[in-house]
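Student: Could we go through this chain together, beginning with a strand pairing and ending with the domains?

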Amino acid sequence: MFKMATRSLVVAALALTTSAFASDKQVTIYSVYEAARLDPVFKPFTDRTGIKVNIVSGTSAEIIAKLKAEGEATTADLHLDKDLVFHGQAQAQGLYKPFNSKTVEKNIPSSLIEANKNWFTIVYRVRGIMYNANKVTAAELSTYADLGSAKWNGRLCVRTSNNSYNEALGAYFVTHFGAEKTLNIFKSWVNNFAVDPIKGDTDVINAVAAGTCDVGIANSYYLAPFVKADANYPVKFFFPEQNSVGAHVNGVGIGLLKHAKNTAAATLVMEYLSSKEVQAPVASIFSQYPANPAAELAPVLTGFGKFSQDQTNVGNISAKVDEAKQLMKAANYK
Ligand SMILES: [Fe+2]
């Protein structure tokens, strides 16, 4: 169903996104997502343009190491990863070059395009508060820092600090609140933990549902399958910082590689991914928010409600990741 919907719309999308077809006949993407997951996304693109999209998958760390090792000899044109931490790392290693596309700039809000146009966010999620609605009301929730207040003592679950989602959240704290307050937030969370930090976001949600803790922190999309399976699932999502800087967002992004051999075709892929017709189904398969504000939201996300989000440029957040990691360590947040 997704394939059909995408294919029928892709003609319109491409007509909007390009005035001239690239001469390159293939594009290679180093991707943290496997080909099987992305093939439905790119098949309509290949059908329309004749440009083959090769997906080479690996972990985020493997991809960056491979790109560094290959240097100029790489066959990769684009880097697709799950969040701003890894795009920031690739940028810091000098692996990107700026893309040149008025279409991408028209489709994607400027805060989600790195300021030097090395990479941009395609779809994103909110890292927010998961709460057990049988024990907590939304009125009791407000900010990330408040999870460190006395009322949540022994009631908070979080994932381990050694994870890019938490590193990005910490970078958002450093950006908005400074190092000292960030350290205090992490210390106060550690003081409130119901249990030691747990392995994954889904585990956090399960722990909140089971009553191990009453509140937790996780990415919005991890709640989607639970809510789809059970409309009365006890765990609900809360968007923090609605009366301050807006909720922290982080997303799947794409960067143009410095040693890309097929820059024109790679630019077409970036434009394709930014178009509203393609953004809606892509966002839906990832259960994330489309970066293009004209694209439709998946129903499960509409159900989470409207929210205000952080408007800081994604590249400015990624630049604070290393500092955030040090502060988590200093706070003894394992
Ligand atoms: Fe994830």
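Tutor: In β2, the bridge partner of Y30 is V56. The model is predicted, so local features need pLDDT of at least 70 and side-chain atom pairs 80 or more, while totals for chains, interfaces and linings use all residues. Residues are numbered from 1 along each chain as its sequence is written.

Student: In which sense do strand β1 and strand β2 pair?

Tutor: Strands are DSSP E runs of at least two residues, and helices H or I runs of at least four, numbered from the N terminus; two strands pair if DSSP finds at least two bridges between them. Strand β1 (residues 26-31) and strand β2 (residues 52-57) have six bridges, and the sense of their pairing is parallel.

Student: What is the handedness of the β-α-β crossover from β1 to β2?

Tutor: Between the two strands the chain passes through helix α2 (residues 35-49). With the strands pointing away from the viewer, a clockwise path from the first strand over the helix to the second counts as right-handed, and this crossover is right-handed.

Student: Which element gives the largest share of the side of domain 1 that touches domain 2?

Tutor: An automatic or database assignment sets the domain bounds, with domain 1 covering 2-123 + 250-297 and domain 2 covering 125-248 + 315-330. Counting residues as in contact if their C-beta atoms, placed from the backbone, lie within 7 Å, 14 residues of domain 1 are in contact with 14 residues of domain 2. The elements giving two or more residues to that side of domain 1 are α4 and β8 (249-256), and the largest share, five residues, comes from α4.

Conventions: Two residues are in contact if their C-beta atoms, placed from the backbone, lie within 7 Å.
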